[in-house]
Amino acid sequence: MNQTYGIVGVTAVTLATVLVGALGLRVSRTTSDFYVASRTVAPSLNAFAVSGEYLSAASFLGVAGLVLAQGVDMLWFPIGYTAGFLVLLAFVAAPLRRSGAYTLPDFAEARLQSRAVRRIAGVLVVGIGWLYLLPQLRGAGLTLRLLTGAPGWLGGLVVAAVVTVAVAAGGMRSITFVQAFQYWLKLTALLVPVVFLLLAWRADHTPAPAWDDRPVFHRSTEVRAEGPLTLTVPDPVRVTASGTVDGRAVHGSSLRLDAGRHRIGADTALRFPAGARVPLPGRTAPSSWAKPLSSDREQHGLYATYGLILATFLGTMGLPHVVVRFYTNPDGHAARRTTVSVLALLGAFYLLIPLYGMLGRLYAPDLLLTGDTDAAVLVLPQRLVGGVAGELLGALVAGGACAAFLSTASGLAMSVAGVLAQDVLPALGVRRFRLATLPAIAVPTAAAAAVSDLPVADAVGLAFAVSASSFCPLLVLGIWWRGLTPPGAIAGLLLGGGSALAAVTATIAGGTRSGRLHTLLAWPAVWSVPVGFTAMVLISLATRDRVPPGTAVAMARLHLPEPPPTPRP
């Protein structure tokens, strides 16, 4: 990718974000402006903003990379991301808006009249927010590294600085306009290039991927290993190599790689001929890319699929940066209209992602060797179109990727800073909110520099699992069951959300790499969601005398429609 075009595209998106955030100072003066835009955001504008912040680096980069690498099983990611809003629409959207809360901890305290529940909910909001920020910052680092060759941590640092300025300057009101603009930018950044990509694919006589075997190099392809690799070559192949192969130094010479395992040294370049099967690192047996449940997911594909479905279907309603946007609607009816619009907007976006995954399987299989499958969307315009047109399309895609992690990181920073400002800093107010923005973004920025090998979409899936195990039981039971008690809520949050958070922390830290234990920890929603619901119900039944005295009033407020607005004289 041409560095100049790419840098210009990313810089333009960044400057637009900072400019709109700075302009928010003109209209964001009160605490309500900063937290919920004074609850005056129209449904259509809010739908654009929700979609803009929800379509993160995992959606823009990660899903296409997973489809490239692991096949159709990964389509459960976009399906789950979208279907989660259907669950939210049916059970949560309108009652949550009627609660009048600013944040999820506000809702927990108002419904259960318990400071202890509020504190635990606050800890989980911060944990989910920080966990979700990790892949956004990693996506920023990946994009900047491809554009400039800069180290990965620098991209995360730049995004952290931009988000801090934008959020602290204008709060929710300005971020709403930024995120609405960024939705349309992200859709354009995928839609326009994919038209040219499909035309180039058609001009190349519409080749199909190797559906039931290892992918092949459709063209002569050079692969450069930044670090040492161990490759499993399925068939003998003759390559041109420069660097170190099997401990032997080679300098642009042709050599034959026999079937089997080969050690490739760091900074080694290998050029494979067209038609050669891709040697996949660390794998010896092929899997059917186009057949569900056949890909190599720790040999527990069905369990992992159910874990992904539960996490994404039920986790959306508890994501703090998504929930806080429903507080900005004028009333519950507007919240429902917003959710219906979001379903349509997300559906339009996710129709494009599988196309990039399929084309990446054809024209960028070398990313499987280097582990940079998240970069498929970024490299495809130059691979297929080429020339100045390919560079310009690549710059557009890079700008869309920048919008993806900026918009989501802004929403997450807003939600985490809101909790920190209310529950950690000593007083509620605009100045405290701005101060809280610094730790809200600084902690995940430091963590992202240390965790660099986790796929973007997988990291987001872990955040969904924690959300589904904690806030899904709290919201569903808190809204629809008057028998929920503070001890029951505490037990469910600690056992469901706490165990899921411990599991994903162990996964990110690399405590286990394979086997049944790794599968249980990497996809905890299968067991942690039932644990959360069961603990809340059983402990609440055992403590019926602890039902808050204001439960009837709280339930009426959640479910009775708001009175129509008084007409102006």
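Let us begin with T14, which sits in helix α1 (residues 3-23); helices (H or I, at least four residues) and strands (E, at least two) are DSSP runs, numbered from the N terminus. The model is a predicted one, in which local features need pLDDT of at least 70 and side-chain atom pairs count only at pLDDT 80 or more, while totals for chains, interfaces and linings use all residues. Residues are numbered from 1 along each chain as its sequence is written, and side-chain values use heavy atoms, with hydrogens and water left out.

Is T14 buried or exposed? T14 has a relative accessible area of 15%, so T14 is buried. Here buried means under 20% relative accessible area, exposed means over 50%, and partly exposed lies in between (1.4 Å probe, protein chains only). Setting aside neighbours within four places in sequence, T14 is in contact with V162, C402 and L406, where contact means heavy atoms within 4.5 Å.

Now the chain as a whole. The chain contains 22 helices and seven strands. Of its 569 residues, 59% are buried. Among contacts between residues at least 6 apart in sequence, 83% join residues at least 24 apart.

I turn next to the aromatic residues. How many aromatic pairs does a search of the whole structure find? The search finds 12 aromatic pairs. Rings of Phe, Tyr and Trp (its six-membered ring) pair if their centres lie within 6.5 Å; planes under 30 degrees apart count as stacked, over 60 as edge-to-face and the rest as tilted. One of the pairs is formed by Y54 and Y81, and this pair is edge-to-face, with 6.3 Å centre to centre and 80° between the planes. Y54 belongs to helix α3 (residues 43-54) and Y81 to helix α5 (residues 76-91), so the pair ties together parts that are 27 residues apart in sequence. Y54 counts as buried, at 2% relative accessibility, and Y81 counts as buried at 2% relative accessibility.

Y183 and W184 form another edge-to-face pair, at 5.1 Å centre to centre and 75° between the planes. Y183 is buried, at 1% relative accessibility, whereas W184 is partly exposed, at 40%. Ring pairs also link a cluster, made of Y54, F60, F77, Y81, F85, Y132, F349, Y350 and F464.

Next, two helix pairs. The axes of helix α7 (residues 104-112) and helix α8 (residues 115-148) come within 8 Å and cross at roughly 160°. Axes are lines fitted to C-alpha atoms, for helices over the stretch in contact, and angles run from 0 to 180 degrees between N-to-C directions. The angle therefore makes α7 roughly antiparallel to α8; angles under 35 degrees count as roughly parallel, over 145 as roughly antiparallel, 65 to 115 as roughly perpendicular and the rest as oblique. The crossing of α7 and α8 is right-handed: a crossing is left-handed if the near helix is turned anticlockwise from the far one by less than a right angle, and right-handed if clockwise.

Which residues of α7 and α8 meet? From α7 come L104, P105, D106, A108, E109 and L112, and from α8 come R115, V117, R118, A121, G122 and V125. By class, this contact of α7 with α8 has seven nonpolar, one polar and four charged residues. Ala, Val, Leu, Ile, Met, Phe, Trp, Tyr, Cys and Pro count as nonpolar, Asp, Glu, Lys and Arg as charged, and the others, Gly among them, as polar.

In the second pair, the axes of helix α15 (residues 376-384) and helix α16 (residues 387-423) come within 7 Å and cross at roughly 165°. Helices α15 and α16 are therefore roughly antiparallel to each other, and their crossing is right-handed. V377, L378, P381 and Q382 of α15 meet residues of α16, including G387, L393 and A401. The residues of this contact of α15 with α16 divide into seven nonpolar, four polar and one charged.

Finally, two single residues. A491 lies in helix α19 (residues 486-509) and is buried, at 16% relative accessibility. A491 and G532 are 41 residues apart in sequence, and 7.7 Å apart in space, C-alpha to C-alpha. Not counting residues up to four places away in sequence, A491 touches G496, A535 and I539.

H559 is found in helix α22 (residues 551-559) and is partly exposed, with a relative accessible area of 29%. Beyond its neighbours within four places in sequence, H559 is in contact with R98, I479 and W480. H559 and I479 are 80 residues apart in sequence and 8.3 Å apart in space, C-alpha to C-alpha.
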